[in-house]
Amino acid sequence: MWLVFTDLDGTLLDHDSYSFEAARPALDLLKARGIPVILASSKTEAEMRPIADGIGISHPMIVENGAGVVGLNAETTVGDAHSSNRYMRLRTLLRELPKELGACFAGFGDWDVEEVSRQTGLPHSSAALARQRRFSEPGLFTGTDAEKRVFLDHLDAQGFTAVQGGRFFTLMPKTSKADRMAEVVAHYQRRSRDPVRTVALGDAPNDLAMLEAADCGIIISNPAHAPLPVTEREGQGAILRSEQAGPEGWNTMIHQLVATGFL
Ligand SMILES: [Mg+2]
């Protein structure tokens, strides 16, 4: 059986309009073939749920940049409860830092909707959904490099790490979209006699591990940033690149995989 993992912003969603409509024919094609589409984004579950509803899917989702996965099965309800504590644990850790060090970081949990909206450029309704966090804490680090090293040591000691994105410094568990992809694959493999094979689509460096782990990775071109580096997997033909950006590229590449009999 096949699974299709996909990033959202700049991949399935248009960089400017956030629409996935151009990919609708490919989404319908996958649905008709019984191939689950697993959304994998840095967004929260609260932000992703309306998108999944719009597509018409209720499959598991990789949320908060791989910090969490939701909707796997009943067992994960326990995991979920445990994971919700992750965010609380992160906020507790921040509160318990030495005062001067704690003052170097401000995150979504320190900001009201108004401030999250100002920092992200999101409208208020979306900023409110982005504040509903369960696994990770994006924010701004304003200290020195030396302070950042000490800050990271504190996170590390508690099983967390931090990644610098384009805008935010995000505190999260030591995990990634690719780790979560492996978890989702294992979940489906337990229920399938056939080997589970994977296609993954993404546009940015935080998708690369996921693209490399897939049987077929697809880099969706994004004119808004520099192209991703060519990896060994791409040299071996396991990673393809779309010509068109966003959902147009998504649509074309999925149709191409079906037309060539790969999918
Ligand atoms: Mg993206």
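# A tour from the second largest pocket

Select Leu13, Tyr18, Lys43, Glu47, Pro50, Ile51, Leu122, Ser126 and Leu129: these residues line the second largest pocket. Two elements each give two or more residues to that lining, helix H2 (45-55) and helix H6 (124-130). H2 provides the largest share, 3 residues. The model you are viewing is predicted.

Now show the pocket itself. Its volume is about 230 Å³. Colour the lining by class and you get 6 nonpolar, 1 polar and 2 charged residues.

**The two domains**

Next, colour by domain. The domain assignment gives domain 1 as 2-77 + 176-259 and domain 2 as 83-173. The contact between the domains takes 13 residues from domain 1 and 13 residues from domain 2.

**Along H2**

Select H2, residues 45-55. Its buried residues are Glu45, Ala46, Glu47, Met48, Ile51, Ala52 and Ile55. Glu47 and Ile51 also belong to the pocket lining. What do the buried residues of H2 pack against? Show H1, E2, E3, strand E4 (68-70) and H6. Then step just past the helix to Gly56, which takes a positive phi of about 90 degrees.

**The nonpolar cores**

Move to the largest nonpolar core, which has 35 residues. Pick out Leu12, Leu39, Val199, Trp250 and Leu263, the members with the most contacts inside it. Strand E1 (2-6), helix H1 (24-32), strand E2 (37-39), H2, strand E3 (61-63), strand E9 (197-202), strand E10 (216-221) and helix H11 (246-259) each supply at least two residues. H11 gives the most, with 5 residues.

Centre on Leu12. Beyond its neighbours up to four places away in sequence, Leu12 touches Thr6, Asp7, Ser19, Phe20, Ala23, Leu27, Leu39, Ile55, Pro247 and Trp250. Leu39 and Trp250 are on the list of residues with the most contacts inside the core, and Ile55 is one of the buried residues of H2.

A second, separate core has 20 residues. Val69, Met181, Val185 and Leu228 are among them.

**Val116 in H5**

Go to helix H5, residues 113-120, and select Val116. Is Val116 buried or exposed? Its relative accessibility is 0%, so Val116 counts as buried. Leaving aside neighbours within four places in sequence, show its contacts: Phe108, Trp111, Gly121, Ala127 and Arg131. Draw a C-alpha to C-alpha distance from Val116 to Ala127. It reads 5.9 Å, for two residues 11 apart in sequence.

**Asn65 in a loop**

Finish at Asn65, in the loop between E3 and E4.

Definitions and conventions. Residues numbered from 1 in each chain as written. Predicted model: local features only at pLDDT ≥ 70, side-chain atom pairs only at ≥ 80, totals over all residues. Heavy atoms only, no water. 1 Å grid on protein atoms, 1.4 Å probe; cavity = no way out; pocket = protein on both sides within 12 Å on 5 of 7 lines; lining within 4 Å. Points joined across faces, edges and corners; volume = space filled by probe spheres on them. Helix = DSSP H or I, 4+ residues; strand = E, 2+ residues; numbered from the N terminus. Nonpolar A, V, L, I, M, F, W, Y, C, P; charged D, E, K, R; others polar. Core = buried A, V, L, I, M, F, W, Y, C linked by side-chain atoms within 4.5 Å. Buried < 20%, exposed > 50% of the residue type's maximum accessible area, 1.4 Å probe, protein only. Contact = heavy atoms within 4.5 Å. Domains from an automatic or database assignment.
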